[in-house]
Amino acid sequence: DGKRQPMGALMFLYDRPTHTMRCEFTRPNAHGIWSFAAQGDSLVGQLVLLPDYEKVRDVHAHRVLESDVPKAPPLSDYDE
């Protein structure tokens, strides 16, 4: 419906020398690792599911102006 929806909060560890970030998470139906590398104004990454390290997502994101995307939900809508 053209709205941004929270998908949960994740805490990433940032590795300054390599400009990468990583987050291992566990949910009732999934255990995996999100990883991203900063490349200029973009993030390139992937999601792998554990324990088999099966890649299930490729991610290519780039910076946009906040006015070019739907308004973000309030922080209270996100998991802690």
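This is a tutorial dialogue on reading a predicted model of one protein chain.

Student: Let's start with the fold. How many helices and strands are there in the protein chain?

Tutor: Since the model is predicted, we're reading computed features throughout. The chain has five strands and zero helices, so going along the sequence the pattern is simply β-β-β-β-β.

Student: And what does the C-alpha trace span along its principal axes?

Tutor: About 40 × 35 × 20 Å. Of the 80 residues, buried ones make up 14%. The accessible surface comes to about 6800 Å², and carbon and sulfur atoms account for 53% of that.

Student: What about contacts between residues that are apart in sequence?

Tutor: Take the contacts between residues at least 6 apart in sequence: 19% of them join residues at least 24 apart.

Student: Can we look at one residue in a strand? Where does valine 44 lie, and what does it touch?

Tutor: Valine 44 sits in strand β4, which covers residues 42-49. Leaving aside residues up to four places away in sequence, valine 44 touches Ser35, Phe36, Ala37, Gln39, Val59 and His60. The C-alpha atoms of valine 44 and threonine 20 are separated by 9.5 Å, and those two residues are 24 apart along the chain.

Student: Now the backbone. What should I expect for phi and for peptide bonds?

Tutor: As a general idea, most residues other than glycine have a negative phi, and most peptide bonds are trans. With that in mind, look at the exceptions here.

Student: Which peptide bond is cis?

Tutor: The one from leucine 50 to proline 51, with omega near 10 degrees. Proline 51 belongs to the loop between β4 and β5, the latter being residues 54-62.

Student: Which residues have a positive phi although they are not glycine?

Tutor: Tyrosine 53 is one of them, with a phi of about 55 degrees. Tyrosine 53 is also in the loop between β4 and β5, and with a relative accessible area of 56% it is exposed. Histidine 19 also has a positive phi, of about 55 degrees. You'll find histidine 19 in the loop between β1 (13-15) and β2 (20-27), where it is partly exposed at 41% relative accessible area.

Student: On to charges. How many positive and negative side chains are there?

Tutor: There are 9 positive and 12 negative side chains, and the centres of the two sets lie 3 Å apart.

Student: How do I think about pairing between charges?

Tutor: The general idea is that side chains of opposite charge can pair when their charged atoms come close. In this case, a search of the whole structure finds two salt bridges.

Student: Which residue forms a salt bridge with aspartate 41?

Tutor: Arginine 63, with the closest N and O atoms 3.6 Å apart. Aspartate 41 is in the loop between β3 (30-39) and β4, while arginine 63 is in the segment after β5, so the pair ties together parts 22 residues apart in sequence. Both aspartate 41 and arginine 63 are exposed.

Student: And what does lysine 55 form a salt bridge with?

Tutor: Lysine 55 pairs with aspartate 58, and here the closest N and O atoms are 3.2 Å apart. Lysine 55 is partly exposed, at 48% relative accessible area, whereas aspartate 58, at 51%, is exposed. The cut-off for exposed is over 50%, so these two residues get separate labels.

Terms used: Residues are numbered from 1 along each chain as its sequence is written. This is a predicted model: local features need pLDDT of at least 70, side-chain atom pairs count only at pLDDT 80 or more; totals for chains, interfaces and linings use all residues. Side-chain values use heavy atoms; hydrogens and water are left out. Helices (H or I, at least four residues) and strands (E, at least two) are DSSP runs, numbered from the N terminus. Contact means heavy atoms within 4.5 Å. Buried means under 20% relative accessible area, exposed over 50%, partly exposed in between (1.4 Å probe, protein chains only). Accessible areas come from the Shrake-Rupley method with a 1.4 Å probe; for residues, only the protein chains shown count as cover. Lys and Arg count as positive and Asp and Glu as negative; His and the chain ends are not counted. The place of a charge is taken as NZ of Lys, CZ of Arg, CG of Asp or CD of Glu. A salt bridge is a side-chain nitrogen of Lys or Arg within 4 Å of a carboxyl oxygen of Asp or Glu.
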